[in-house]
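Reader: I'm new to this one and would like a close look at a single part of it. Could you take me through it slowly?

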Amino acid sequence: MQTVDVLVVGAGLAGLHTARLLARRDLSVMVVDSRRSLSSGIRTTGIFVRRTLDDFDLPDHLLGPGVRDVLLYPPSRRAPVRLTSDRDEYRVADMAGVYGHARRAAEEAGARVVLGVRYIGASTGLVRFAGAEPVTARFVVGADGARSRVARDLGLDVNRRMLVGAEIVHPIASGTTDPAFHCVLDPRVAPGYLGWVIDDGRHAHVGVAGYPGGMRTGVRHLLDEFAADAPGRAAPAGPIERRGGPIPVGGVLRRLACPAGLLVGDAAGAVSPLTAGGLDPCLRMSELAAAVTAGYLRTGDQRILSRYDGGALRARFRGRLLLRRVFAGIRSPAAAEAAVALLRGRAGRRVAARVLFGDGSFPDVGPLLASPAIDHP
Ligand SMILES: Cc1cc2nc3c(=O)[nH]c(=O)nc-3n(C[C@H](O)[C@H](O)[C@H](O)COP(=O)(O)OP(=O)(O)OC[C@H]3O[C@@H](n4cnc5c(N)ncnc54)[C@H](O)[C@@H]3O)c2cc1C
């Protein structure tokens, strides 16, 4: 039977980045994913924020043009509030390319990535799969998304508050749009969140997300309704791809690690509760996860695992968790019209610009990394 130091379940961005960082620390690392190809079953729009682009090495050729304009629409779609930044705030990535890049980086560091293999359970170091022989692992990293099975098997916290999101992606004729992020606050199609339209110059992304309890006709039906006349949408110039999945918005989970393993990315609830952005958090938390894992495996000292502290990150989320509650409370079109009207004023614009263009969507893990006990490469 094969033995590895670390078995990573899930080859999303969180799993691949953690695997790369662990392999760079000379640990033997295997990553499994039930997807047969990393270009299929994509569950994200792929909007990266400026802070992520500044801090992580995403290849430029995989990123669309910089977006500086955000238009916030009320349910009537009339007279959107336009916020313009003097810097590029967002870029939409070719996510199949980003996963391919992350996979190569993990493999170059020495990790083994095996696709088409579904994790079904782990106990006392033995990890079982559908579609492959079991392996023994000293440590399991659950990077298996919002409904993590690893979290349940390890007895760690699990996500309870989730939005469900869905989008269509299709090619557009080049030069037909100006880069802009169109956000529609309309509880009829996106209860508790937004409908959005954004493009990378070559593909348009049109999506909705909201609380499943408020989507009586189902997210797919609401998406089609929204897409029919979504503002800023260019006509399809090719086949339509569908994406979607759950988005945890209850904040980082408290109990994220135990001597048998830990959680990263969506499995850890590492998503900004307000913006529902999870790409920056999953990269940022992977740095801490890898340092803690390597330090623990090197020394066997369980106190190191307490550095991977969801409670500490959560405390810095308090304001955003509160705003999420306010957002969730906008239940009628009239309330949404009023909320957008508030954003027209100077104070409202300032708050909106802070949320949309600020750097605070996910706490910095730096202070938690600053410990001599954990492993620095
Ligand atoms: C519609 C939508 C749009 C979004 N858009 C954005 C955005 O534009 N910007 C942003 O910042 N965030 C966005 N998010 C959130 C963001 O995509 C996620 O937070 C982020 O991708 C999480 O990465 P991850 O690696 O933790 O999880 P995932 O990317 O979900 O990866 C988990 C992996 O685990 C695998 N897996 C699961 N169970 C098993 C198993 N039992 N065995 C083997 N493999 C398994 C899955 O196949 C998957 O590949 C969006 C989310 C949704 C749903």
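Reader: Let's pick G238: is it buried, partly exposed or exposed, and what is its relative accessible area?

Author: Happy to, and keep in mind that this is a predicted model. G238 is partly exposed: its relative accessible area is 29%, and buried would need a value under 20% while exposed would need one over 50%. You'll find G238 in the loop that runs between α5 and β15. Setting aside neighbours within four places in sequence, G238 has contacts with H170 and P171. For a sense of distance, take D55: 183 residues separate it from G238 in sequence, and their C-alpha atoms lie 34 Å apart.

β15 (241-248) belongs to an open sheet of seven strands, ordered β5-β4-β12-β13-β14-β11-β15, with mixed pairing. β15 and β5 are the edge strands, and each has a single partner, so one side of each has no neighbour in the sheet. On average, neighbouring strands here are turned by 15° against each other, ignoring direction. Further inside the sheet, β13 (residues 195-199) and β14 (residues 203-210) pair antiparallel over five bridges; one to look for joins W196 to G207 in β14.

Over at β4 and β5, another helix comes in. The buried residues of α10 pack against β4 (69-73) and β5 (81-84), and also against α2 (50-55), β6 (90-92), α8 (318-328) and α9 (333-344). Those buried residues are G348, A352, V355, L356 and F357. Looking down the axis of α10, they fall within an arc of 165°, so they line one face of the helix. On the other side of α10 sit R346, R350 and R354, which are exposed.

Finally, the nonpolar cores. The largest has 81 residues, and L7, L13, F48, L262, M285 and Y308 touch the most other members. Helix α6 (residues 279-299) supplies its largest share, twelve residues. A second, separate core holds 32 residues, including V70, L274, I330 and A352.

Key: Residues numbered from 1 in each chain as written. Predicted model: local features only at pLDDT ≥ 70, side-chain atom pairs only at ≥ 80, totals over all residues. Heavy atoms only, no water. Buried < 20%, exposed > 50% of the residue type's maximum accessible area, 1.4 Å probe, protein only. Helix = DSSP H or I, 4+ residues; strand = E, 2+ residues; numbered from the N terminus. Arc of directions from axis to C-beta. Contact = heavy atoms within 4.5 Å. Pairing = 2+ DSSP bridges. Axes fitted to C-alpha atoms, helices over the stretch in contact; angles between N-to-C directions. Core = buried A, V, L, I, M, F, W, Y, C linked by side-chain atoms within 4.5 Å.
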